[in-house]
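Open the structure in a viewer and keep the selection panel at hand. The stops below each give something to select and say what is there.

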Amino acid sequence: MFTGIVTDIGRLRRVDQTVRDRRYEIETAFDVATIELGASISHAGCCLTVTETGAGWFAVEVSGETLSKTTLGDWAEGRRVNLERAARLGDELGGHIVSGHVDGVGQVRSIMPDGGSHRIVIEAPDPLHRFIAPKGSITVDGVSLTVNAVEEQAFAVNIIPHTWSHTTLGDLRAGDAVNLEIDMLARYMARYLETGGSGS
C-alpha cells in the first residue's frame, strides 16, 4: 500500500525489451542498500516489484498487461518518474490509501495558472468518471490529490507550488496521458449502492 506522497523523482536510465515484457532500470536518490529484492515501489502510481539493484539504481520488470493498461508502455530512456516506497505500519498517512493498481489512463485537457497554483483539467475514461466526486481523493501519476470540480467525464485538481516542483506534474502538457487510481472508498461505496446495500 501507498499514500500518494511522492518521495523521489527517479529517471529511467535503461529499457530492455523482451518478447512481451520490459525491464526498466531506474536511477534514484533512495538508499538502494535499504531496498530488498521483491520490494514494492510505486512508479507514477503503478506498483512494481524490484528485481535487481545497483549503485544508485534498481530494476523492475513490467508485464505486457501493465504496459497496455498504463502509461508505462510509452516510457523511454530519460523519462522522469514519480517514486514512492511502500508504506509501513506507523508511517504518517499524509495522502490517502493508494493500492498502486492503475484503474485507467486519463488525458490532460488543459493546464492553467490559478493564483499561485496550477489548475489541471483531466478527462477520465469510462467508467471511472462516476467514481470521482468533488472534494474526494484521486491519484494522478502516483500523486494523491483532492478533486476540486467535476463536469461530465472531466475533473479538475489544483496543484500547489511544492507539489508542482517536487513531482513530475510540473512536466505535464495538454494532451498528455496520466495514470489514474480512483479512491478505494469510492469504489466500494459504488459497489455497495449498486447491490442495494447487500454487498453481494
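This is a predicted model: local features need pLDDT of at least 70, side-chain atom pairs count only at pLDDT 80 or more; totals for chains, interfaces and linings use all residues.

Residues are numbered from 1 along each chain as its sequence is written, and side-chain values use heavy atoms, with hydrogens and water left out.

**Stop 1: the barrel from E1 to E6**

Switch to a cartoon view. Helices (H or I, at least four residues) and strands (E, at least two) are DSSP runs, numbered from the N terminus. Six strands close into a barrel in the order E1-E2-E5-E4-E3-E6, and their pairing is antiparallel. Neighbouring strands of this sheet are turned by 45 degrees against each other on average, direction ignored. For such angles, axes are lines fitted to C-alpha atoms, for helices over the stretch in contact, and angles run from 0 to 180 degrees between N-to-C directions.

Strands of a sheet pair through backbone hydrogen bonds, either parallel or antiparallel. Here two strands count as paired if DSSP finds at least two bridges between them.

**Stop 2**

Select residues 57-62, which form strand E5. Five of its six residues are buried, where buried means under 20% relative accessible area, exposed over 50%, and partly exposed in between (1.4 Å probe, protein chains only). E2 and E5 pair in the antiparallel sense over six bridges, and Glu27 stands opposite Trp57 in E5. Strand E4 (residues 46-54) is joined to E5 by four bridges, again antiparallel; in E5, Val60 is the bridge partner of Val50. The hairpin of E4 and E5 has two residues between the strands, and Gly56 there takes a positive phi near 80 degrees.

**Stop 3: Arg85, between a strand and a ring**

Select residues 40-43, strand E3, which pairs with E6 in the antiparallel sense over three bridges. Ile41 stands opposite Arg85 in E6. Now show the side chain of Arg85: its charged end sits over the ring of Phe30, 5.9 Å from the ring centre. A charge sits over a ring if NZ of Lys or CZ of Arg is within 6 Å of the ring centre and within 35 degrees of the ring normal.

Also in strand E6 is Asn82, which is buried at a relative accessible area of 2%. A polar atom of the Asn82 side chain lies 2.8 Å from the backbone nitrogen of Thr168. A polar contact is a pair of N or O atoms within 3.5 Å; within protein, one must be able to donate a hydrogen and the other to accept it, and residues adjacent in sequence count only if both atoms are side-chain atoms.

**Stop 4: the aromatic pair**

Select Tyr24 and Trp75. The structure holds one aromatic pair. The rings of Tyr24 and Trp75 have centres 5.8 Å apart and planes at 20 degrees, so the pair is stacked. Tyr24 is in strand E2 (residues 22-27) and Trp75 in the loop between helix H1 (64-69) and strand E6 (80-85), so this pair, 51 residues apart, links distant parts of the chain. Rings of Phe, Tyr and Trp (its six-membered ring) pair if their centres lie within 6.5 Å; planes under 30 degrees apart count as stacked, over 60 as edge-to-face and the rest as tilted. Both Tyr24 and Trp75 are buried.

**Stop 5: two cysteines**

Cys46 is buried at 5% relative accessible area, whereas Cys47 is partly exposed at 25%.

**Stop 6: the barrel from E7 to E12**

Six strands form a closed barrel that runs E7-E8-E11-E10-E9-E12, with antiparallel pairing. The twist averages 45 degrees from one strand to the next. Select strands E9 (residues 137-140) and E10 (residues 143-151): four bridges join them, and they run antiparallel. Thr146 in E10 is the bridge partner of Ser137.

**Stop 7: loop residues**

Select Asp126 and Pro127, which are joined by a cis peptide bond with omega about -5 degrees. Pro127 is in the loop between strand E8 (117-123) and E9. Lys135 is found in the loop between E8 and E9; its phi is near 70 degrees, a positive value in a residue other than glycine, and Lys135 is exposed at 64% relative accessible area.

Finish at Glu152, in the loop between E10 and strand E11 (154-159). Its phi, near 55 degrees, is also positive in a residue other than glycine, and Glu152 counts as exposed at 71% relative accessibility.
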